[in-house]
Amino acid sequence: MAEAFIVAAVRTAGGKRNGKLSGWHPADLAASVLDELIKRTGCDPALVEDVIMGCVGQAGEQAVNIARNAVMASKLPESVPATSVDRQCGSSQQALHFAAQAVMAGSMDVVIAAGVESMSRVPMGLPSSLAAKAGMGFYVSPNMALRYPGVQFSQFIGAEMVAKKYGLTRDHVDAYALQSHQRAIAATQSGAFAAEILPLAVRMNDGTATGEMHGADEGIRFDASLASIGGVKLLQEGGVCTAANASQICDGAAGLMVVSERGLKALGLKPLARVHHMTVIGGDPVVMLETPIPATAHALKKAGMSINDIDLFEVNEAFASVPVAWLQATGADPAKLNVNGGAIALGHPLGGSGAKLMTTLLHGLIARGGRYGLQTMCEGGGLANVTIIERL
């Protein structure tokens with residue numbers, strides 16, 4: 001079977017809501033990543049055969065095919081097509097799957113998989129809430145309501161359901177949240193993120209241009225402690241989830257260049273990694289956030305691997321209960337999981353997170369000399385993607 005190789009991976013540093021990237025139009029933010037992939041590879045821009053870009057909030061500044069708009073805002077020629085993908089939080093991980101599948105099918109040789117989300121400029125849930133307020137209906141159809149009577153599809157409720165199912169206490173999830181910040185602090189201070197981050201000029205939402213460059217994830221709480229995390233109000237009385245043990249609202253973009261063997265020869269590049277396996281499955285849409293657990297088991301079985309064959313894991317920290325439950329269920333080594341922190345500290349730019357996590361996973365394998373990395377994330381609708389890569 002034909003192979004799909006990753007030859008470059010880059011991300012912006014995460015920006016807080018109304019923070020250092022909030023003044024960037026999302027098309028321009030994504031375009032900066034596309035241009036950097038071309039710069040890092042030395043690829044002739046005309047050789048890019050498609051750009052596949054994840055984005056969840058496809059409204060306002062992220063509407064009308066944000067992927068194509070990013071191409072038109074970049075230095076890529078007009079001949080480069082693009083399409084936008086919505087698999088909720090897994091959107092740009094799915095973009096990577098589609099890019100790899102195109103390459104493995106032999107129909108394309110050079111494809112960019114990317115993702116972007118400006119949560120400052122297009123608030124979470126806007127496509128649904130804006131339409132509902134305008135009297136244009138709601139996404140839950142009559143048939144959906146019959147199948148799931150009285151159900152409120154909510155990631156917050158799902159996070160609590162996962163915690164309850166796996167016996168997780170507030171202490172469990174708060175301790176994990178602190179660890180996320182501690183690992184992100186260590187990675188930032190040691191320069192572990194330097195190779196993967198594209199520094200950008202600070203652009204504040206109010207139009208302020210400070211002249212600074214934004215090259216470090218803005219959401220990291222360098223003064224985080226169990227006391228400060230434990231003092232944050234619960235999202236639900238009697239629950240365990242708080243804003244401090246959940247992912248941060250974030251602005252950001254990330255991208256990867258995926259090529260075939262012919263593409264490698266045309267570009268004269270050595271691959272950084274090979275896409276070893278791809279899985280996506282559906283699970284309970286009410287619990288919603290548990291599906292990375294069966295998806296991981298499914299992926300490892302199909303790949304003929306065990307959990308101990310994997311050197312590093314990236315499991316998105318949408319809520320701390322998700323990776324903590326995943327560790328409990330899979331028996332994975334906690335020392336291999338989110339080694340440089342995760343979305344609790346670094347932010348979760350929704351449709352940009354899949355490419356962001358893969359960028360961090362790949363650079364982590366390179367830095368640590370690991371061979372196999374596995375990435376998974378919970379997604380709205382009870383979905384989960386799993387990608388296994390092999391560093392080369």
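**Reading the model, feature by feature**

Guide: Buried means under 20% relative accessible area, exposed over 50%, and partly exposed in between (1.4 Å probe, protein chains only). This is a predicted model, so local features need pLDDT of at least 70 and side-chain atom pairs count only at pLDDT 80 or more, while totals for chains, interfaces and linings use all residues. Residues are numbered from 1 along each chain as its sequence is written, and side-chain values use heavy atoms, with hydrogens and water left out.

Visitor: Where does N338 lie?
Guide: N338 sits in the loop between α11 (321-330) and α12 (343-346). Helices (H or I, at least four residues) and strands (E, at least two) are DSSP runs, numbered from the N terminus.

Visitor: What about its backbone; what is the phi of N338?
Guide: The general idea is that most residues other than glycine have a negative phi. N338 is not a glycine, yet its phi is positive, about 45°. Q88 also has a positive phi, near 55°, and is a residue other than glycine. You'll find Q88 in the loop between β4 (82-85) and α3 (91-104), and Q88 is partly exposed, with a relative accessible area of 31%.

Visitor: How many disulfides are there?
Guide: A disulfide is a pair of cysteine sulfur atoms within 2.5 Å. By that rule the count is zero. Take C89: the nearest cysteine sulfur, that of C378, is 6.2 Å away, and C89 is in no disulfide. For C241, the closest cysteine sulfur is also in C378, and at 11 Å this is too far for a bond. C89 is buried at 12% relative accessible area, and C241 is buried at 3%.

Visitor: How many helices and strands does the protein have?
Guide: There are 13 helices and twelve strands. The radius of gyration is 20 Å, close to the 21 Å from the globule rule for 392 residues, so the protein is as compact as a globular protein of that length. That radius is taken over C-alpha atoms, and the rule is 2.2 Å times the number of residues to the power 0.38. Buried residues make up 56% of the 392.

Visitor: And G304: buried or exposed?
Guide: G304 counts as exposed, at 65% relative accessibility. G304 is in the loop between α10 (292-303) and β10 (312-315). From G304 to G135 is 50 Å in space, C-alpha to C-alpha, and 169 residues in sequence.
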